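Here are my notes on the model you sent over.

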Amino acid sequence: MKYAVILPSGMFAAGGKPSALLHWGLTPTPSTSRLKVCAVSYLNTVPLVWGMLHGPQRGRFLVDFRVPSGCADELASGAADIGIVPAFELSRQDLDILPGAGIACRGAVRSILLVSRCPAEQIRTLAADISSRTSVQLARVVLGRKFGAAPEIRPHEPCLEAMLETADAALLIGDPALRVEAESLPFHSYDLGAEWAHMTGLPMVFAVWAARKGIVTPELCEEFRASCRYGLAHIDDIVAAEAPQRGFHPGLVREYLTRNIVHELGPAEYEAMREFLRMAAKHTVDAR
(Lines give C-alpha, C1' and ligand atoms only; values in the text may rest on other atoms or scores of the structure.)
Protein backbone atom coordinates (compact mmCIF):
# COMPACT_ATOMS: atom_id res chain seq x y z
CA MET A 1 0.00 0.00 0.00
CA LYS A 2 1.20 3.50 -0.75
CA TYR A 3 -0.12 5.36 2.27
CA ALA A 4 1.40 6.18 5.63
CA VAL A 5 0.16 7.54 8.92
CA ILE A 6 2.00 10.30 10.76
CA LEU A 7 1.38 9.48 14.41
CA PRO A 8 1.12 11.59 17.52
CA SER A 9 1.80 9.69 20.72
CA GLY A 10 -0.76 7.02 21.56
CA MET A 11 -2.20 6.67 18.05
CA PHE A 12 -2.33 3.46 16.07
CA ALA A 13 -0.04 3.02 13.07
CA ALA A 14 -1.52 1.90 9.79
CA GLY A 15 0.50 1.07 7.03
CA GLY A 16 -19.03 18.97 -7.84
CA LYS A 17 -18.62 21.95 -6.95
CA PRO A 18 -18.45 23.72 -3.64
CA SER A 19 -21.48 23.81 -1.37
CA ALA A 20 -21.92 27.49 -0.54
CA LEU A 21 -24.03 26.79 2.54
CA LEU A 22 -20.98 25.70 4.52
CA HIS A 23 -19.49 29.18 4.17
CA TRP A 24 -22.27 31.16 5.87
CA GLY A 25 -20.97 33.89 8.14
CA LEU A 26 -17.39 33.65 6.89
CA THR A 27 -15.18 36.61 6.04
CA PRO A 28 -12.22 35.51 3.88
CA THR A 29 -8.80 36.54 5.12
CA PRO A 30 -6.27 36.64 2.29
CA SER A 31 -3.08 34.65 2.76
CA THR A 32 -0.54 32.98 0.54
CA SER A 33 0.90 30.73 3.25
CA ARG A 34 -2.17 28.84 4.46
CA LEU A 35 -2.50 25.20 3.47
CA LYS A 36 -5.19 24.43 0.90
CA VAL A 37 -7.78 21.96 2.22
CA CYS A 38 -10.34 20.23 0.02
CA ALA A 39 -13.37 18.96 1.94
CA VAL A 40 -16.40 16.99 0.80
CA SER A 41 -19.58 18.99 0.21
CA TYR A 42 -21.88 16.33 1.73
CA LEU A 43 -23.57 16.61 5.12
CA ASN A 44 -21.41 13.87 6.64
CA THR A 45 -18.29 16.05 6.43
CA VAL A 46 -19.70 19.13 8.16
CA PRO A 47 -18.60 18.23 11.74
CA LEU A 48 -15.04 17.63 10.49
CA VAL A 49 -14.65 21.17 9.20
CA TRP A 50 -16.90 23.04 11.64
CA GLY A 51 -13.95 24.19 13.71
CA MET A 52 -12.13 25.40 10.56
CA LEU A 53 -15.17 27.37 9.47
CA HIS A 54 -16.65 28.61 12.74
CA GLY A 55 -14.32 27.66 15.60
CA PRO A 56 -10.75 27.96 16.87
CA GLN A 57 -9.24 26.75 13.59
CA ARG A 58 -11.07 29.38 11.53
CA GLY A 59 -8.78 31.26 9.15
CA ARG A 60 -5.88 28.83 9.44
CA PHE A 61 -6.67 26.98 6.20
CA LEU A 62 -8.01 27.77 2.74
CA VAL A 63 -11.02 25.44 2.57
CA ASP A 64 -12.75 24.42 -0.66
CA PHE A 65 -15.48 21.83 -1.28
CA ARG A 66 -15.92 19.03 -3.83
CA VAL A 67 -17.51 15.59 -4.11
CA PRO A 68 -15.25 12.84 -2.66
CA SER A 69 -13.60 11.84 -5.93
CA GLY A 70 -13.06 15.54 -6.66
CA CYS A 71 -11.12 15.94 -3.43
CA ALA A 72 -8.89 13.06 -4.46
CA ASP A 73 -8.33 14.65 -7.87
CA GLU A 74 -7.44 18.00 -6.26
CA LEU A 75 -4.74 16.27 -4.22
CA ALA A 76 -3.45 14.35 -7.23
CA SER A 77 -3.14 17.53 -9.29
CA GLY A 78 -1.47 19.49 -6.50
CA ALA A 79 -4.36 21.97 -6.32
CA ALA A 80 -4.90 20.97 -2.67
CA ASP A 81 -2.43 20.16 0.09
CA ILE A 82 -4.86 18.16 2.24
CA GLY A 83 -8.16 16.51 1.41
CA ILE A 84 -10.84 14.25 2.82
CA VAL A 85 -10.34 11.44 0.32
CA PRO A 86 -12.11 8.14 -0.34
CA ALA A 87 -10.30 5.34 1.51
CA PHE A 88 -9.82 3.48 -1.78
CA GLU A 89 -7.74 6.40 -3.02
CA LEU A 90 -4.98 5.33 -0.61
CA SER A 91 -4.26 2.44 -2.98
CA ARG A 92 -3.87 4.89 -5.88
CA GLN A 93 -1.93 7.85 -4.48
CA ASP A 94 1.16 8.13 -2.27
CA LEU A 95 -0.39 10.07 0.60
CA ASP A 96 0.09 10.55 4.34
CA ILE A 97 -2.94 10.08 6.58
CA LEU A 98 -3.83 12.60 9.27
CA PRO A 99 -5.08 10.13 11.90
CA GLY A 100 -7.95 10.49 14.31
CA ALA A 101 -10.76 11.94 12.19
CA GLY A 102 -12.61 10.84 9.07
CA ILE A 103 -15.91 9.37 7.91
CA ALA A 104 -16.87 5.86 8.97
CA CYS A 105 -19.74 3.77 10.30
CA ARG A 106 -20.17 0.77 12.60
CA GLY A 107 -23.41 -0.48 11.08
CA ALA A 108 -26.11 1.13 8.97
CA VAL A 109 -24.75 4.30 7.35
CA ARG A 110 -27.94 5.49 5.61
CA SER A 111 -26.07 7.39 2.88
CA ILE A 112 -24.55 4.50 0.89
CA LEU A 113 -27.66 2.95 -0.60
CA LEU A 114 -28.00 0.24 -3.23
CA VAL A 115 -31.50 -0.02 -4.73
CA SER A 116 -32.31 -2.90 -7.06
CA ARG A 117 -35.16 -4.05 -9.26
CA CYS A 118 -34.12 -7.65 -8.53
CA PRO A 119 -32.55 -9.55 -5.60
CA ALA A 120 -28.86 -8.78 -5.12
CA GLU A 121 -27.85 -12.24 -6.37
CA GLN A 122 -29.35 -11.41 -9.77
CA ILE A 123 -27.81 -7.97 -10.32
CA ARG A 124 -25.88 -7.87 -13.60
CA THR A 125 -25.68 -4.12 -14.21
CA LEU A 126 -25.22 -1.37 -11.62
CA ALA A 127 -25.71 2.33 -12.34
CA ALA A 128 -23.35 4.00 -9.91
CA ASP A 129 -22.83 7.54 -8.76
CA ILE A 130 -19.03 7.45 -9.00
CA SER A 131 -18.57 10.54 -6.82
CA SER A 132 -17.08 8.17 -4.22
CA ARG A 133 -14.66 5.54 -5.43
CA THR A 134 -14.77 3.82 -2.04
CA SER A 135 -18.53 3.27 -2.28
CA VAL A 136 -18.25 1.74 -5.75
CA GLN A 137 -15.55 -0.64 -4.50
CA LEU A 138 -17.62 -1.46 -1.42
CA ALA A 139 -20.53 -2.38 -3.68
CA ARG A 140 -18.22 -4.69 -5.66
CA VAL A 141 -16.96 -6.35 -2.48
CA VAL A 142 -20.36 -6.84 -0.84
CA LEU A 143 -22.09 -8.01 -4.01
CA GLY A 144 -19.25 -10.37 -4.85
CA ARG A 145 -18.51 -11.89 -1.45
CA LYS A 146 -22.01 -11.98 0.04
CA PHE A 147 -24.24 -12.42 -2.99
CA GLY A 148 -21.99 -13.90 -5.70
CA ALA A 149 -22.75 -11.06 -8.12
CA ALA A 150 -20.23 -9.23 -10.30
CA PRO A 151 -22.20 -6.52 -12.09
CA GLU A 152 -21.03 -4.25 -14.85
CA ILE A 153 -20.61 -0.75 -13.39
CA ARG A 154 -22.24 2.03 -15.38
CA PRO A 155 -21.42 5.62 -14.30
CA HIS A 156 -24.54 7.73 -13.90
CA GLU A 157 -25.76 10.97 -12.41
CA PRO A 158 -27.45 10.39 -9.02
CA CYS A 159 -31.09 10.17 -10.15
CA LEU A 160 -32.72 6.95 -8.93
CA GLU A 161 -35.49 6.75 -11.50
CA ALA A 162 -33.14 7.30 -14.44
CA MET A 163 -30.55 4.92 -13.01
CA LEU A 164 -33.06 2.08 -12.72
CA GLU A 165 -34.17 2.66 -16.30
CA THR A 166 -30.66 1.83 -17.51
CA ALA A 167 -29.51 -0.87 -15.08
CA ASP A 168 -30.71 -3.59 -12.72
CA ALA A 169 -29.64 -1.59 -9.68
CA ALA A 170 -28.54 1.87 -8.60
CA LEU A 171 -25.89 3.03 -6.13
CA LEU A 172 -26.57 6.36 -4.42
CA ILE A 173 -24.17 8.06 -2.02
CA GLY A 174 -24.09 11.09 0.24
CA ASP A 175 -26.92 13.63 0.32
CA PRO A 176 -28.78 12.12 -2.69
CA ALA A 177 -29.05 8.82 -0.79
CA LEU A 178 -30.38 10.62 2.28
CA ARG A 179 -33.26 11.96 0.19
CA VAL A 180 -34.48 8.43 -0.56
CA GLU A 181 -36.88 6.70 1.82
CA ALA A 182 -35.78 3.14 1.11
CA GLU A 183 -38.59 1.55 3.13
CA SER A 184 -41.23 3.10 0.90
CA LEU A 185 -39.69 1.96 -2.39
CA PRO A 186 -41.15 -0.98 -4.36
CA PHE A 187 -37.61 -2.32 -4.82
CA HIS A 188 -34.95 -4.25 -2.96
CA SER A 189 -32.72 -1.92 -0.96
CA TYR A 190 -29.39 -2.54 0.77
CA ASP A 191 -27.58 -0.22 3.19
CA LEU A 192 -23.96 -1.04 2.34
CA GLY A 193 -22.69 0.04 5.75
CA ALA A 194 -25.00 -2.49 7.38
CA GLU A 195 -24.17 -5.17 4.78
CA TRP A 196 -20.42 -4.72 5.38
CA ALA A 197 -20.86 -4.89 9.16
CA HIS A 198 -22.99 -8.05 8.92
CA MET A 199 -20.48 -9.65 6.56
CA THR A 200 -17.27 -8.81 8.42
CA GLY A 201 -18.15 -7.60 11.92
CA LEU A 202 -15.90 -4.59 11.24
CA PRO A 203 -16.38 -0.83 11.01
CA MET A 204 -16.31 0.66 7.53
CA VAL A 205 -14.10 3.66 6.77
CA PHE A 206 -15.29 5.67 3.78
CA ALA A 207 -12.89 8.61 3.84
CA VAL A 208 -9.88 9.95 5.71
CA TRP A 209 -7.94 13.18 5.87
CA ALA A 210 -4.81 12.73 3.77
CA ALA A 211 -2.03 15.01 2.58
CA ARG A 212 0.70 15.23 0.02
CA LYS A 213 4.13 14.10 1.18
CA GLY A 214 6.12 16.41 3.44
CA ILE A 215 3.17 18.30 4.90
CA VAL A 216 1.90 16.31 7.88
CA THR A 217 3.15 17.09 11.39
CA PRO A 218 1.76 16.06 14.80
CA GLU A 219 0.64 19.66 15.32
CA LEU A 220 -1.27 19.67 12.03
CA CYS A 221 -2.97 16.39 12.92
CA GLU A 222 -4.11 17.90 16.20
CA GLU A 223 -5.61 20.90 14.37
CA PHE A 224 -7.79 18.56 12.29
CA ARG A 225 -8.82 16.47 15.27
CA ALA A 226 -9.66 19.65 17.21
CA SER A 227 -11.84 20.91 14.36
CA CYS A 228 -13.74 17.61 14.46
CA ARG A 229 -14.15 17.74 18.23
CA TYR A 230 -15.47 21.29 17.94
CA GLY A 231 -18.03 20.15 15.37
CA LEU A 232 -19.20 17.22 17.47
CA ALA A 233 -19.61 19.55 20.44
CA HIS A 234 -21.77 21.90 18.33
CA ILE A 235 -24.20 19.45 16.72
CA ASP A 236 -27.13 21.69 17.67
CA ASP A 237 -25.60 24.54 15.64
CA ILE A 238 -24.90 22.22 12.71
CA VAL A 239 -28.48 20.89 12.70
CA ALA A 240 -29.90 24.41 12.86
CA ALA A 241 -27.74 25.58 9.94
CA GLU A 242 -27.64 22.55 7.67
CA ALA A 243 -31.17 21.12 7.88
CA PRO A 244 -32.95 24.09 6.24
CA GLN A 245 -30.12 24.79 3.81
CA ARG A 246 -30.08 21.21 2.51
CA GLY A 247 -33.83 20.65 2.75
CA PHE A 248 -33.60 17.87 5.37
CA HIS A 249 -35.71 17.36 8.46
CA PRO A 250 -33.71 18.38 11.55
CA GLY A 251 -34.33 14.99 13.12
CA LEU A 252 -32.77 13.23 10.15
CA VAL A 253 -29.68 15.44 10.28
CA ARG A 254 -29.21 14.88 14.01
CA GLU A 255 -29.72 11.12 13.85
CA TYR A 256 -27.48 10.74 10.81
CA LEU A 257 -24.59 12.71 12.30
CA THR A 258 -24.84 11.21 15.79
CA ARG A 259 -25.95 7.61 15.17
CA ASN A 260 -24.97 6.63 11.62
CA ILE A 261 -21.69 8.44 10.98
CA VAL A 262 -18.54 7.95 13.05
CA HIS A 263 -16.11 10.87 12.82
CA GLU A 264 -13.46 9.96 15.39
CA LEU A 265 -11.31 7.09 14.11
CA GLY A 266 -9.17 4.78 16.21
CA PRO A 267 -7.29 1.47 15.90
CA ALA A 268 -10.40 -0.57 15.06
CA GLU A 269 -11.28 1.72 12.15
CA TYR A 270 -7.76 1.70 10.66
CA GLU A 271 -7.52 -2.08 10.98
CA ALA A 272 -10.90 -2.41 9.24
CA MET A 273 -9.77 -0.01 6.53
CA ARG A 274 -6.75 -2.16 5.76
CA GLU A 275 -9.00 -5.21 5.49
CA PHE A 276 -11.36 -3.38 3.14
CA LEU A 277 -8.47 -2.25 0.92
CA ARG A 278 -7.19 -5.82 0.79
CA MET A 279 -10.62 -7.12 -0.27
CA ALA A 280 -11.13 -4.28 -2.75
CA ALA A 281 -7.75 -4.95 -4.38
CA LYS A 282 -8.68 -8.61 -4.87
CA HIS A 283 -12.06 -7.79 -6.38
CA THR A 284 -10.50 -5.18 -8.66
CA VAL A 285 -8.05 -7.78 -9.97
CA ASP A 286 -10.80 -10.39 -10.34
CA ALA A 287 -12.95 -7.93 -12.29
CA ARG A 288 -10.29 -7.40 -14.95
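At what angle do H1 and H7 pack, and how far apart are their axes?

1. The ground rules, before the answer. This is a predicted model, so local features need pLDDT of at least 70 and side-chain atom pairs count only at pLDDT 80 or more, while totals for chains, interfaces and linings use all residues. Residues are numbered from 1 along each chain as its sequence is written, and side-chain values use heavy atoms, with hydrogens and water left out.

2. Now the helix pair. H1 and H7 pack at about 100°, with axes 6 Å apart; the axes are lines fitted to C-alpha atoms over the stretch in contact, and angles run from 0 to 180 degrees between N-to-C directions. That makes H1 roughly perpendicular to H7, a label that covers 65 to 115 degrees. On the H1 side the contact (heavy atoms within 4.5 Å) is made by Pro-47, Leu-48, Val-49, Trp-50, Gly-51, Met-52 and His-54. H7 brings Phe-224, Ser-227, Cys-228, Tyr-230, Gly-231 and Leu-232. These residues divide into nine nonpolar, four polar and no charged, where Ala, Val, Leu, Ile, Met, Phe, Trp, Tyr, Cys and Pro count as nonpolar, Asp, Glu, Lys and Arg as charged, and the others, Gly among them, as polar.

3. H1 itself, residues 46-54, is largely enclosed by the rest of the structure, because nine of its nine residues are buried. Buried means under 20% relative accessible area, exposed over 50%, and partly exposed in between (1.4 Å probe, protein chains only). Helices are DSSP runs of H or I with at least four residues, strands are E runs of at least two, and both are numbered from the N terminus.

4. H7 (residues 218-233) also holds Arg-225. With a relative accessible area of 12%, Arg-225 is buried. What does its side chain touch? The Arg-225 side chain makes a polar contact with the side chain of Glu-222 at 3.1 Å.

5. If you're wondering about cysteines, a search of the whole structure finds zero disulfides, meaning sulfur pairs within 2.5 Å. The sulfur of Cys-38 is 3.2 Å from its closest cysteine sulfur, in Cys-71, too far for a bond. Cys-38 is buried at 2%, and Cys-228 is buried at 1%.

6. Most residues other than glycine have a negative phi. Arg-110 lies in the loop between strands E5 (96-105) and E6 (112-116), and counts as partly exposed at 25% relative accessibility.

Key. A polar contact is a pair of N or O atoms within 3.5 Å; within protein, one must be able to donate a hydrogen and the other to accept it, and residues adjacent in sequence count only if both atoms are side-chain atoms. Angles under 35 degrees count as roughly parallel, over 145 as roughly antiparallel, 65 to 115 as roughly perpendicular and the rest as oblique.
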